[in-house]
Amino acid sequence: MRCAAVMAAAAVAIFSSCSYFKNKGEIGPPPVIRYMNLKAVYSYALNKNRDALDVKKKLDRKLERMKEIERDLNEPSGDHVAALDEYRTLAADLAALRGRSRYYKGIILTQIDRAVKNVSEKIKIDFVVNIGDDLIYARKEYDVTEDVILEITRLDERRAPEAR
């Protein structure tokens, strides 16, 4: 008898906690959705990181030079041996720069992620959408781009050696 009562109580507890048996008509508060311009935030964070910006500029210059050499190699006249040597050297340099670029990109994206999480917790946002990802329309008051940029600045100041 006691075993049956315990099993009945357990069954009632399981069924009452299971979402399948809850009233489907109950609707909780709507989720809070905001958007941000990830491209603007990334550009801001990149421009604040001098090392990352330096790597990006070097990478862009070397890519442009490689395109020039490729154009020169397609012309029938000219010194192709020297151009090929320079091209190989640039290719090796580019591989190293791309590795450093990925490293800095990871740092910047981690920083942005931390800032988005902090802003979301601070103003109780459920979802943050990038403005470029199929966002058809949103009112400006829902844009949290500035909040994320301010949070990145705050995180940088807190991490600065002077703050310690």
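Predicted model: local features only at pLDDT ≥ 70, side-chain atom pairs only at ≥ 80, totals over all residues.
Okay, some housekeeping. Local features here need pLDDT of at least 70, side-chain atom pairs count only at pLDDT 80 or more, and totals for chains, interfaces and linings use all residues. Residues are numbered from 1 along each chain as its sequence is written, and side-chain values use heavy atoms, with hydrogens and water left out.

Let's start on helix 5, residues 145–159; helices are DSSP runs of H or I, at least four residues, numbered from the N terminus. Buried means under 20%, exposed over 50%, with a 1.4 Å probe and protein chains only.

So what does Glu 151 touch? Leaving out residues up to four places away in sequence, Ala 115, Asn 118, Val 119 and Lys 122, where contact means heavy atoms within 4.5 Å. Its side chain also makes a 2.8 Å polar contact with that of Asn 118; that's a pair of N or O atoms within 3.5 Å, one able to donate a hydrogen and the other to accept it, and residues adjacent in sequence count only if both atoms are side-chain atoms.

Now the core. The largest nonpolar one has 26 residues, and Val 148 and Ile 152 are among those with the most contacts inside it. By that I mean buried Ala, Val, Leu, Ile, Met, Phe, Trp, Tyr and Cys joined through side-chain atoms within 4.5 Å. Helices 2, 3, 4 and 5 each supply at least two residues, and helix 4 gives the most, with 10.
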